[in-house]
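Here is a short briefing on one protein model. Keep the sequence and the 3D view open as you read.

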Amino acid sequence: MTTTTTGTAPDPATAHLRPLPPTAIAPVRLAGIGHYFPGEPITNAHFEQIEALGIDDAWIRENTGIVSRHWPADEKERAVEMAAKAVDQALEAAGLGPDDIDLVIGTTSTTRPRTNPSSATNNYMDISLPLQKQVGLRHATCFDVTSVACAGFMYGTATAAAMLPALGMRNALVVCAENPRPILNFDYRYSALFGAGAAAAVWSARTEERGLLDVALHADGSYFDAFDIDENDKMLMRGREVGAVGPKLLSHVGREILERNGLTVDDIDWFVPHQGNLNMINQVCRTLEIPREKLLTNIQERGNTSSVSIPSCLSENLRSGKIRSGDLVATIGIGRGFSWGAMLLRIP
């Protein structure tokens, strides 16, 4: 399918994309979800004190929409320690115990060997295996989905939804965890974007109900270096490239998942976008004509939490009662590569 952002001329960012094949997702439902954010909120005043950045609270709010974010208070709390708390919450919500989990898929974009290990006791960068030991998920097959960064929750969920029925498994945990502070370069203003946290979702195949209705995934390696790692193992982001292309890709896949399910914006109860930058979110909403009252965000208080952003926003709004049983939710997100996609799910 060739789409346009204006309805007049094909956009180079999306004109080459072919229609995705029809999905054949076996019945899988969201059984439980949890989240965790560490420490006290870090306000924008923290960055005002870094003279080289030359930014203040007003600049950060205007250019990102962010008021505060969270970082762990010390090195004893890293990605795995945060993930364990989100998993406990997700299992409780699902009414399940560690022995009920057959599959764990971890995803993170911020752990690094040596410079930012995934836990206080693991010098490597994976989260699923040390998480298995810490939480006691002794019967689960474990691996990590890497390289897609902020799109990790959607890629992990699609992988879980495929593996559960194919391998006769009952329940899967998709676990996202980010600890960006050790790899931020505070010479760049985008360091003010990123917050830490974790989120975990239990997907269950023990159901006749199709809770996960559709997943649309795309990738374009032309932009692989828009997110990178510098010679000091610090995060490198080319913000102009992300800002120029990201909204077009998100709008395209948002429109795509609605059209191929015969839906319109009116049919969706809630839109949960990747919480990357509030200005980018608003640009996508204007293109897709998503009304403000259907949009859910947590970037203002949590910052850009990469792979954690979509599931944590889902979890916060489920727990507050804003999202209710039976609601139809659409998510859209973009990560490194670029890798981007959308999901459509019915809340059980």
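In helix α9, the residues Ser309, Ile310, Pro311, Ser312, Cys313, Leu314, Ser315, Glu316 and Asn317 are buried. Buried means under 20% relative accessible area, exposed means over 50%, and partly exposed lies in between (1.4 Å probe, protein chains only). This is a predicted model: local features need pLDDT of at least 70, side-chain atom pairs count only at pLDDT 80 or more, and totals for chains, interfaces and linings use all residues. Residues are numbered from 1 along each chain as its sequence is written, and side-chain values use heavy atoms, leaving out hydrogens and water.

**Helix α9**

- Helix α9 spans residues 309–319 and is mostly covered, with nine of its eleven residues buried.
- Helices (H or I, at least four residues) and strands (E, at least two) are DSSP runs, numbered from the N terminus.

**Salt bridges**

- The whole structure holds nine salt bridges. A salt bridge is a side-chain nitrogen of Lys or Arg within 4 Å of a carboxyl oxygen of Asp or Glu.
- Asp11 pairs with Lys248 in one of them, with the closest N and O atoms 3.3 Å apart. Asp11 lies in the segment before β1 (29–36) and Lys248 in helix α6 (residues 239–259), so this pair ties together parts that are 237 residues apart in sequence.
- Asp11 is buried at 8% relative accessibility, while Lys248 is partly exposed at 30%.
- Asp99 and Arg138 form another salt bridge, at 3.1 Å between the closest N and O atoms. Asp99 is partly exposed, at 33%; Arg138 is exposed, at 61%.
- Asp102 bridges to Arg170, with the closest N and O atoms 3.0 Å apart. This pair links the loop between α3 and β4 to the loop between α5 and β6, 68 residues apart.
- Shared partners join Asp100, Asp102 and Arg170 into one salt-bridge network.

**A buried arginine without a bridge**

- Arg112 sits in the loop between β4 (103–107) and α4 (128–135).
- Arg112 is buried yet has no salt bridge; the nearest side chain of opposite charge, Asp233, is 5.5 Å away. Lys and Arg count as positive, Asp and Glu as negative; His and the chain ends are not counted.
- Leaving aside residues up to four places away in sequence, Arg112 touches several others, including Tyr124, Ile183 and Asp233. Contact means heavy atoms within 4.5 Å.

**Aromatic rings**

- There are six aromatic pairs in the structure. Rings of Phe, Tyr and Trp (its six-membered ring) pair if their centres lie within 6.5 Å; planes under 30 degrees apart count as stacked, over 60 as edge-to-face and the rest as tilted.
- Phe47 and Phe186 form a tilted pair, 6.4 Å centre to centre with 35° between the planes.
- Phe47 is buried, at 0% relative accessible area, whereas Phe186 is partly exposed, at 24%.
- Phe47, Trp71 and Phe186 make up one aromatic cluster.

**Cysteines**

- How many disulfides does a search of the whole structure find? It finds zero. A disulfide is a pair of cysteine sulfur atoms within 2.5 Å.
- Cys285 is in no disulfide either, and the nearest cysteine sulfur, that of Cys313, is 12 Å away.
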